[in-house]
Amino acid sequence: VITSRVLEFCERPSAAADDRVLASVMFTDIVGSTEQLGAGGDQHWSRRLDSHDEIVDRLVSKYGGRRVNHTGDGVFAIFDVPSKAARCALELVPTLAGYGLRIRTGLHVGECEKRGNEWAGLAVHTGARICAMAGPAEILCTRTLYDLSAGSGLTFESLGPRQLKGLPTAVDVYRVIAR
C-alpha cells in the first residue's frame, strides 16, 4: 500500500529542475599566466590581474552579462543572449591584448543549474572544455551557440567535430571571427 505521503513526495517537482536556466556561458583564460607571474612577481601580477578584472567586468556588463566566478587566471561569465556573449569575446580579446594580456575564450549555450552561489551542469563543463582547446587570441564556440546566433551578423568558421574530454559524443566546434 502506497501512503499519501509517498505519493505527495513523488509528485513534487524537484528543486533542481526549478534552478535550471538556459544561459550562454563564456570562459576566458590568460595565456602564459604562470610565466608572466614568474617573470614579474606577485605584486606585478596582482596589478595586471586588477586591470584584467576591471576590463572584463566593464565589457561583460556592456554586453548584458555578469561575471560569475574567477577561474584562477580567467573568468566564467553568463549572458542571456548568445550573440552578446560572442560580441563581448570579440571585444575582450583585442582590448586585453592592448594591455599585454592574451586570452583564449570558449562559448557555449545550454541549461545551467544554480547551486547556491555556483553554477553547474554539462553546459558549464562544455564551455570550459571549449575554452581549453582554444589557442591564444582565439574564440571558439559550439554549434549550439553558432545555430542560436543565426541572423546576428557574426562570422564563424567551422572546425568540424571534436571530442571534448569527458563528453561521450563529439561536439561541432566553430571559431568566432572578427570582421
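**Aromatic pairs and a buried threonine**

Phe156 is buried, its relative accessible area being 17% (buried means under 20% relative accessible area, exposed over 50% and partly exposed in between, with a 1.4 Å probe and protein chains only). The model is predicted, so that local features need pLDDT of at least 70 and side-chain atom pairs count only at pLDDT 80 or more, while totals for chains, interfaces and linings use all residues. Residues are numbered from 1 along each chain as its sequence is written, and side-chain values use heavy atoms, with hydrogens and water left out.

Three aromatic pairs are present in the structure (rings of Phe, Tyr and Trp, the last by its six-membered ring, pair if their centres lie within 6.5 Å; planes under 30 degrees apart count as stacked, over 60 as edge-to-face and the rest as tilted). One of them, Phe27 with Phe76, is stacked, at 4.5 Å centre to centre and 0° between the planes. This pair links distant parts of the chain, as Phe27 lies in strand S1 (residues 20-30) and Phe76 in strand S3 (residues 75-79), 49 residues apart (helices, H or I of at least four residues, and strands, E of at least two, are DSSP runs numbered from the N terminus). Phe27 and Phe76 are both buried.

Tyr146 and Phe156 form an edge-to-face pair, with 5.1 Å centre to centre and 90° between the planes. Tyr146 belongs to helix H6 (residues 143-148) and Phe156 to strand S7 (residues 155-162), ten residues apart. Tyr146 counts as partly exposed because its relative accessibility is 30%. Together with Tyr174, Tyr146 and Phe156 form one aromatic cluster.

Thr126, in helix H5 (residues 122-133), counts as buried because its relative accessibility is 5%.
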